[in-house]
Amino acid sequence: MVPPRPVVHAAVFALAALQALASDTFIAAVYEHAVILPRAAQEAVSPEDALALMNKNMDILEGAIKEAAQQGARIIVTPEDGIYGWVFTREAIYPYLEDIPDPEVNWIPCTDPTRFAPTPVLERLSCMARNNSIYVVANIGDKKSCNSSDPSCPSDGRYQYNTNVVFDSEGKLVARYHKYNLFMSEEEQFNYPKKPEAVTFETPFGKFGIFTCFDILFWEPAVVLVSELQVDTVLFPTAWMNVLPFLSAVEFHSAWAMGMRVNFLASNTHNTIMSMTGSGIYAPDGARAYYYNMKTEDGRLLIAELDSHPRLSPASPPAVNWSSYASSVEKCIQDEHDFSGLIFYDQFTFTELTKPEGSITVCQKDLHCHLSYKMAEKQEDEVYVLGAFDGLHVVEGQYYLQICTLLKCKSTDLSTCGQPVETAQTKFDMFSLSGTFGTNYVFPEVLYSDMQLAPGEFEVLPDGRLESKNSTSKPLLTATLFGRRYEKDLKHPLRNSP
């Protein structure tokens, strides 16, 4: 049957309207927030006092949201713990929690605030999104009652979740994510969901996924969202404590976006006492905007333009065979000058760069790391090493790593190699780093002195080499290939059903 002409015209018009709404690029925002903390996070307060504290933080977030919208941003990400802070007992955090319904209920809290149990925080966040016509991403706490019929029900009769919520530009709740990989003893006030959640939502400017902080280091949900569900952009509220030389926020988050070939919007809390800073808007070809500040207690709004579908962009990096080049290099032989050293409790094998230029290899187990380099302005009081680690990391979680790294030691004493250092004076005319990785999940990091990234100054070749394009514009702290062997990970109680 041929549809009537008006119906055909209506269908064509609707399709044209959808195509017009779709965007090749969009403006994104993240806000690093210096959170106002409760005076006594270990003691329970009244619901009124809890809401008063959260409103103080939301006052600041609302200002950032308005400014972002005025500058054309379509979406803004705010930090983990950005509304009430952290280090709560299970009892003390309860007054700050709300019962967050499943987004399938099709709810705009701003226009229908009494539909569910009292949810003043959800209502206010919804109104921020609706009044400014912008997607708003926030981190709050969810509570769900349970009883003895549920064998996993906590003794206090409720589940408590570290939760991200997303409101669209109309104020509708479109996503809810419960953090799956809790940060060990630091989050004993929360439960983890019985099954990992892979949360996505569609917009006119791409497909989005969301997870929280420590989740980034594990297969579920982080890799599932990118590799299996093919999201374009990942939203990442975090409370990230910087750990050098590989896990400072800006270097690792930028590297993750490059390694996973997606956009990555990372919003960190700001607290210098806790070493929390480092937010950014990252694309597969490098950082578009980032912020790192350990000197003052200032927040910061970042805004940048991104490709809506980065995999389709001409700037998208080519696919990489991470072990191709290094596998062709002559196998290394144990050198008498090799030595061991610790980086974040992992025992690396190091070899020193004793000459101003050359090619060297260092090995550990199945990982062979190869470096070609030429130093410029070499400082006599600075020592650089090539390091390799192939094994199980066991400190704040258990996960398998393969790491090749060129890094500056803290001093000329080789026992300091691997210790945190933020400044350097030595530049490199060139470097080329590669390794025989047993994984396709490798994240390329380059960090300059004073915690500065190097967007546009290095590239990853299809054969797995991380190379400088020209001389480094600033002294080098580290060039690293950080590999994750997810398939070898041990079972962990935070990543399996109770």
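These are my notebook entries on a predicted model.

**Entry: helix H2**

I started with helix H2, which covers residues 47-70. I counted 24 residues in H2. From first C-alpha to last, H2 reaches 33 Å. That is close to the 34 Å expected at 1.5 Å a residue.

Next I asked which residues of H2 are buried. They are Ala-50, Leu-53, Met-54, Asn-57, Met-58, Leu-61, Ala-64, Ile-65 and Ala-68.

I checked what comes just after H2. Gly-72 sits there with a positive phi of about 95 degrees.

**Entry: salt bridges**

Side chains of opposite charge can pair when their charged atoms come close. A search for such pairs gave me 16 salt bridges in the structure. I took several in turn.

Asp-102 and Arg-176 meet through their side chains, at 3.9 Å from N to O. Asp-102 is in the loop between helix H3 (90-93) and H4, and Arg-176 is in strand E5 (residues 173-178), so the bridge ties together parts 74 residues apart in sequence. Asp-102 counts as partly exposed, because its relative accessibility is 34%. Arg-176 is buried, with a relative accessible area of 16%. The cut-off I need here is 20%: under that value, a residue is buried.

Asp-285 and Arg-288 form another salt bridge, with 3.2 Å from N to O. Asp-285 is partly exposed at 35% relative accessible area. Arg-288 is partly exposed too, at 34%.

For Asp-489 and Arg-484, the closest N and O atoms are 2.6 Å apart. Are these two residues buried or exposed? Both Asp-489 and Arg-484 are buried.

I also noted a network of salt bridges. It links Asp-59, Glu-62 and Arg-124.

**Entry: aromatic pairs**

How many aromatic pairs does a search of the whole structure find? I get 34. A pair of aromatic rings is described by the distance of the centres and the angle of the planes.

I opened Phe-201 and Phe-208. Their ring centres are 5.5 Å apart and their planes stand at 15 degrees, so I log the pair as stacked. Phe-201 and Phe-208 are both buried.

Trp-240 and Phe-252 came next. This pair is stacked as well, at 6.1 Å centre to centre with 20 degrees between the planes. Trp-240 lies in the loop between strand E8 (233-238) and helix H6 (249-260), while Phe-252 lies in helix H6, so the pair ties together parts twelve residues apart in sequence. Trp-240 is buried, and Phe-252 is buried too.

Most residues other than glycine have a negative phi, and most peptide bonds are trans. I looked for departures from both. I took the peptide bonds before the phi angles.

Glu-220 and Pro-221 are joined by a cis peptide bond, with omega about 5 degrees. I find Pro-221 in helix H5 (residues 219-228).

The bond from Leu-244 to Pro-245 is also cis, and its omega is near 10 degrees. Where is Pro-245? I place Pro-245 in the loop between E8 and H6.

Asp-450 has a positive phi of about 65 degrees, although it is not a glycine. I find Asp-450 in the loop between strand E20 (442-448) and strand E21 (452-453). Its relative accessible area is 48%, and I log Asp-450 as partly exposed.

Tyr-345 also has a positive phi, near 75 degrees, and is not a glycine. I find Tyr-345 in the loop between strand E13 (339-343) and strand E14 (346-352). Is Tyr-345 buried or exposed? Tyr-345 is exposed, because its relative accessibility is 62% and the cut-off for exposed is over 50%.

**Entry: a surface patch**

I stayed with Tyr-345 and checked the surface around it. Tyr-345, Val-394 and Val-395 form a nonpolar patch there. Together the three have about 310 Å² of accessible area.

How values were computed: Residues numbered from 1 in each chain as written. Predicted model: local features only at pLDDT ≥ 70, side-chain atom pairs only at ≥ 80, totals over all residues. Heavy atoms only, no water. Patch = residues over 30% accessible without salt bridge, like charges linked within 9 Å, V, L, I, M, F, W, Y side chains within 5 Å. Areas by Shrake-Rupley, 256 points an atom, 1.4 Å probe, with all protein chains shown as cover. Salt bridge = Lys/Arg side-chain N within 4 Å of Asp/Glu carboxyl O. Helix = DSSP H or I, 4+ residues; strand = E, 2+ residues; numbered from the N terminus. Expected span 1.5 Å × (residues − 1). Buried < 20%, exposed > 50% of the residue type's maximum accessible area, 1.4 Å probe, protein only. Phe/Tyr/Trp six-rings, centres within 6.5 Å; stacked < 30°, edge-to-face > 60°.
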